[in-house]
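Hello,

Here is the structure I promised to pass on to you. Please open it next to this email and look for each place as you read.

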Amino acid sequence: MTEEKSKLDEKNKDVAMEKQPDIWAEAERRAKEEAEEAERNLAVLDLKTSNIKELKNFVKAVDSLGELKLIIDKTGIHLWQLDPIGISMVIADLPKSLFSKWNVKPGTMSIYVDKLKDALKSIKNNNTILSIKTQKTKHLLNFILPDTNIEIPYLPVEKSIEKKEPNVEFTTEITVPGQPLKEFISQAKKNYEYVLLLAKNKKLILFCKNGEGKLRKEIPLEKEVKEEAAANFDLDYLNKLVKAADKNTNIIIDMKTDQPIKLRYNNGFNVTYWLAPYVDEDIEIKDQIKEATKGIKQEKASVRKRRLHS
């Protein structure tokens, strides 16, 4: 019986070895077809704009991604992408209205964000006229200025771009002025790893703590919070999400306790971010909330005391 089984195993092994070249050939054929399809789907651009500031802010808003997989259609340039680690998602739309000339063949393309950032950084006058054209045969994107021509490479997108957002039933939506939020995050990330975002009453409370100290800030809200919500988030990531917002930008944040946040704003273009919460087994969210709201209770008590003596 053992000898028969051994012979059968050898026979199956031989059959598998014979099939391997067919498997490799099939994989190679599919890869070739996908590459050809990606090449056919490459967008062709012939654009003109003087809205250089908005282009720079767009790149700043998405530069956490490394490689941008862009979708170009009749309405504008769109991006729908997870960051390389899968902690955040960016959804951004650069509208056609920012361009004085919009002549495109719809499709997709992939561009390294550092190359794009360097090209735009070299433009010192934000009011200059910029033409953007593709050289499809060379896979080059030309940035044409009155006195210079900058070329950066682009590539086909070989996999379809999936437009799917996380499924979270948020309990709270708040609108926060961008400037104080940006300033706090920029300061906090120098000494702290994560921040508690707590939406409560008519305030957004930002609270950081580590072995060396604490940092706390309250940002007033125009409307009462429907339901208290709190979660921790990585400060480096959060900084990347808000850095393109200017001082006049209002940021809308959708929240649910211990769930990802959805953060969105308009800065000449629409951008939406999803960010997963910071997870640490040693962190008790209830204890954090108690500590972060101590100031509120003390403040209310002192207000009542002042009123009694007035």
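Let me start with a question: is Asn 201 buried, partly exposed or exposed? Before you answer, please keep in mind that this is a predicted model. Asn 201 has a relative accessible area of 30%. Buried would need a value under 20%, and exposed a value over 50%, so Asn 201, at 30%, is partly exposed.

**Two loops**

You will find Asn 201 in the loop between β11 (194-200) and β12 (203-210). Its phi is near 55°, which is a positive value in a residue other than glycine.

Asp 258 also has a positive phi without being a glycine, here near 60°. This residue belongs to the loop that joins β15 (250-255) and β16 (261-266). With a relative accessible area of 43%, Asp 258 is partly exposed.

**Aromatic rings**

The model holds 5 aromatic pairs. One of them is formed by Phe 99 and Trp 102: the ring centres are 5.2 Å apart, and the planes make an angle of 55°, so the pair counts as tilted. Phe 99 and Trp 102 are both buried.

Another pair brings together Tyr 265 and Tyr 273, again tilted, with 6.2 Å from centre to centre and 45° between the planes. Is Tyr 265 buried or exposed? Its relative accessibility is 4%, so Tyr 265 counts as buried. Tyr 273 is buried as well, because its relative accessibility is 0%.

The charged end of Lys 240 sits over the ring of Tyr 237, at 5.0 Å from the ring centre.

**A cavity**

How many cavities of 30 Å³ or more are there? The count is 1. The largest cavity holds about 200 Å³ of space, and 17 residues line it. Those nearest its centre are Leu 70, Ile 77, Leu 94, Leu 116 and Ile 132.

The largest share, 3 residues, comes from α2.

And what kinds of residues make up the lining of this cavity? The lining has 17 nonpolar residues, with no polar and no charged ones.

Enjoy looking around!

Best wishes

Notes: Residues are numbered from 1 along each chain as its sequence is written. This is a predicted model: local features need pLDDT of at least 70, side-chain atom pairs count only at pLDDT 80 or more; totals for chains, interfaces and linings use all residues. Side-chain values use heavy atoms; hydrogens and water are left out. Rings of Phe, Tyr and Trp (its six-membered ring) pair if their centres lie within 6.5 Å; planes under 30 degrees apart count as stacked, over 60 as edge-to-face and the rest as tilted. Buried means under 20% relative accessible area, exposed over 50%, partly exposed in between (1.4 Å probe, protein chains only). A charge sits over a ring if NZ of Lys or CZ of Arg is within 6 Å of the ring centre and within 35 degrees of the ring normal. Helices (H or I, at least four residues) and strands (E, at least two) are DSSP runs, numbered from the N terminus. On a 1 Å grid over the protein atoms alone, a cavity is a set of points where a 1.4 Å probe fits but cannot get out, and a pocket is an open set with protein on both sides within 12 Å along at least five of seven lines; lining residues have an atom within 4 Å of a point. Grid points are joined across faces, edges and corners, and a volume is the space filled by probe spheres set on the points. Ala, Val, Leu, Ile, Met, Phe, Trp, Tyr, Cys and Pro count as nonpolar, Asp, Glu, Lys and Arg as charged, and the others, Gly among them, as polar.
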